[in-house]
Amino acid sequence: MRSSGTSGAGALGFRAGKWNRTGHRKTAAQARWCWRFTRTSAAVAATAFFAASLFVVYDVTRTIAGVQHELAAIGEMLAADIAMRSPGEAQARLEASSLRTGGLIKASLAAATTPGLLTESVPAGPHGTIGLEIEHTAALSGVSGRGALAFALAGVLTLASARRRKGMPAPEERDSYDQLAAAIPMGLACWTGSGQLIVCNEQYRERLDLDDARLTYHQAVSQLIAGGYMKLVRENDSLRQLELHRQDGTCLQIDERPLGDGAFMTLVSDVTETRRTDAMLQTIREEQRQLARRYHEEKLKAEAASRAKTNFLAHLSHDIRTPLNHIIGFAELMQHQTYGPLGDKRYAEYVETIKSSGEHLLASFAAILDLAELEGGRKALRQDPVLLDEVLKSVVERFKGQAQRAGITLLVGRETGAVLRGDRLGLMRMIGNVMDNALRFTQAGGQVTLASFVADDGVVIEVSDTGIGMDEDRLASLSQPFALGDASFTRDGVGPGLGISIARAIAEQSGGNLAIDSSPMIGTTVAISLPTEPAAASLAA
């Protein structure tokens with residue numbers, strides 16, 4: 001606890017006798033005065049209170065905008081934090097973040113948050129929407145204090161504009177001052193230059209627990225500072241602002257302003273909730289910075305791991321393809337018996353098996369290498385005008401015989417005349433991979449449909465089948481490479497499960513996207529959306 005002397009209070013208090021019109025100290029006899037109101041004073045009062053009202057409206061608008069911006073920033077950080085978590089873990093993280101703020105900010109996975117000025121909804125990817133709501137009292141506590149201060153200053157200007165005369169106010173004038181002070185929603189007291197109390201409102205008395213109307217400024221300061229300490233926040237020729245931290249944990253803000261002739265006023269407001277809110281927001285901002293740094297570090301690690309995986313697959317595929325080419329080449333020589341007969345006829349079957357197995361492995365590693373180059377961005381696709389109808393016709397001609405042999409009906413949609421800008425061979429491979437999967441997992445008597453639909457901003461290519469379909473777990477695993485079909489339907493010669501991954505990579509590098517919808521025993525639909533380029537139509541023509 002600090003004494004009144006060490007806190008800056010002199011014999012008459014902080015400001016008693018300090019301010020006057022000339023800037024010099026006046027004696028107690030010279031500082032006795034009161035007010036008399038005129039029409040000019042009334043005009044000044046109307047202007048001052050109108051300006052205070054405008055300030056309150058502006059302050060409320062700015063505070064609400066700041067709260068919404070803060071909630072949006074917190075929501076984005078929480079969305080990034082829960083993006084890779086399960087719904088249960090995500091909900092637990094949101095509840096933990098609400099507890100860390102002491103219930104000041106509530107976050108939940110709910111799209112039903114009531115829209116309002118102090119609420120915000122932030123998209124959370126697979127988790128839907130994060131609803132955030134800040135506690136109204138804490139968010140607007142500062143607004144009420146600043147609004148009260150604005151109206152208090154308006155009242156002070158009204159008093160300052162009145163005509164002054166020597167001595168204390170007359171009793172009827174003191175009644176009007178009491179009414180004005182009572183209308184101000186914060187502690188207000190006016191003092192003469194000698195530290196005598198002119199007027200104070202009920203809020204000021206409650207702060208000091210006063211009953212004596214003959215209180216002096218020095219006595220008021222002594223009672224305010226008892227059991228706590230006072231800290232100077234700002235001081236200049238027209239304002240002195242202090243913070244009083246009391247023993248019960250409350251924090252009061254004290255503003256002292258000169259009124260002329262050595263008199264001054266004291267405004268006391270409770271800023272305890274504001275300081276607690278500021279501390280909580282500071283804690284939240286620090287947690288945001290920590291979370292952003294951890295997110296950035298994890299992102300760098302994930303990118304480094306992805307690059308390492310891509311490089312490993314590329315080197316592995318390259319190193320294995322060379323000996324496989326030797327195996328296939330020598331198997332062909334033995335198969336043709338270039339240097340003489342092999343002897344036992346079973347050797348010919350073994351050589352054929354060696355050759356077919358080697359070719360299968362070579363094709364698999366070639367697919368792995370292609371995927372690694374596509375994902376790593378080392379395999380650039382051409383950007384030529386491509387007629388979509390011609391690409392689809394080429395794909396249909398390629399798979400027509402396979403569909404007939406499997407007893408599957410192959411249907412083709414109408415032509416669209418769409419022109420794309422991309423790599424023709426890459427687009428054929430993308431659609432061919434999807435078609436190959438559709439035919440492989442569709443039983444005899446089924447149906448596979450290849451169609452395209454054009455819009456103003458792009459084109460959609462759909463491959464639909466009536467095959468075995470997939471459940472949600474199996475569908476989710478298709479986003480990862482090496483995802484194979486159900487073992488019960490797997491046939492000989494199935495590759496490493498990279499068809500969909502390669503098709504997705506080609507679609508994304510072409511500026512599009514690939515989506516899959518499937519139901520068990522009903523079928524699967526793969527939709528590929530690609531952008532069109534009107535300027536390429538004239539080039540194609």
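This is a predicted model: local features need pLDDT of at least 70, side-chain atom pairs count only at pLDDT 80 or more; totals for chains, interfaces and linings use all residues.
Which backbone nitrogen does a side-chain oxygen of Asp 423 reach at the start of H10?

Residues are numbered from 1 along each chain as its sequence is written, and side-chain values use heavy atoms, with hydrogens and water left out.

Back to the opening question. The nitrogen belongs to Leu 425, and the oxygen of Asp 423 comes to within 3.1 Å of it. That is a polar contact (a pair of N or O atoms within 3.5 Å; within protein, one must be able to donate a hydrogen and the other to accept it, and residues adjacent in sequence count only if both atoms are side-chain atoms).

Now the whole chain. It has 13 helices and 18 strands; helices (H or I, at least four residues) and strands (E, at least two) are DSSP runs, numbered from the N terminus. Of its 541 residues, 41% are buried. Buried means under 20% relative accessible area, exposed over 50%, and partly exposed in between, using a 1.4 Å probe and protein chains only.

Let's look at H10 itself, residues 424-440. Its 17 residues reach 24 Å from first C-alpha to last, close to the 24 Å expected at 1.5 Å a residue; the expected span is 1.5 Å times one less than the number of residues. Among the buried residues of H10 are Leu 427, Met 430, Ile 431 and Met 435.

Some of those names come back in the largest nonpolar core, which has 42 residues. A nonpolar core is a set of buried Ala, Val, Leu, Ile, Met, Phe, Trp, Tyr and Cys residues joined through side-chain atoms within 4.5 Å. Which members touch the most others? They are Met 430, Ile 431, Met 435, Leu 450 and Ile 528. The elements giving two or more residues to this core include H10, helix H8 (346-376), helix H9 (388-406) and strand E15 (447-454). A second, separate core of 19 residues includes Leu 197 and Val 221. In soluble globular proteins, nonpolar side chains tend to be buried together.

Please find Leu 450 on the screen. Leaving aside neighbours within four places in sequence, its contacts (heavy atoms within 4.5 Å) include Leu 392, Ile 431, Met 435 and Ile 461.

Strand E15 also holds Ser 452. Is Ser 452 buried or exposed? Its relative accessible area is 6%, so Ser 452 is buried. Among its contacts beyond four places in sequence are Leu 388, Arg 414 and Val 460.

What does E15 pair with? Two strands pair if DSSP finds at least two bridges between them. Strand E13 (residues 409-412) and E15 are parallel, with four bridges, and Leu 410 has Val 448 as its bridge partner. E15 and E16 run antiparallel, joined by seven bridges, and Thr 449 is partnered with Ser 464. Those two strands form a hairpin with four residues between them.

Two last stops. Leu 188, in strand E6 (residues 187-191), counts as buried because its relative accessibility is 7%. Leu 188 and Leu 267 are 79 residues apart in sequence, with their C-alphas 4.7 Å apart in space.

Finally, Met 521 sits in the loop between E17 and E18. Met 521 has a positive phi of about 65°, although it is not a glycine. At 62% relative accessibility, Met 521 counts as exposed.
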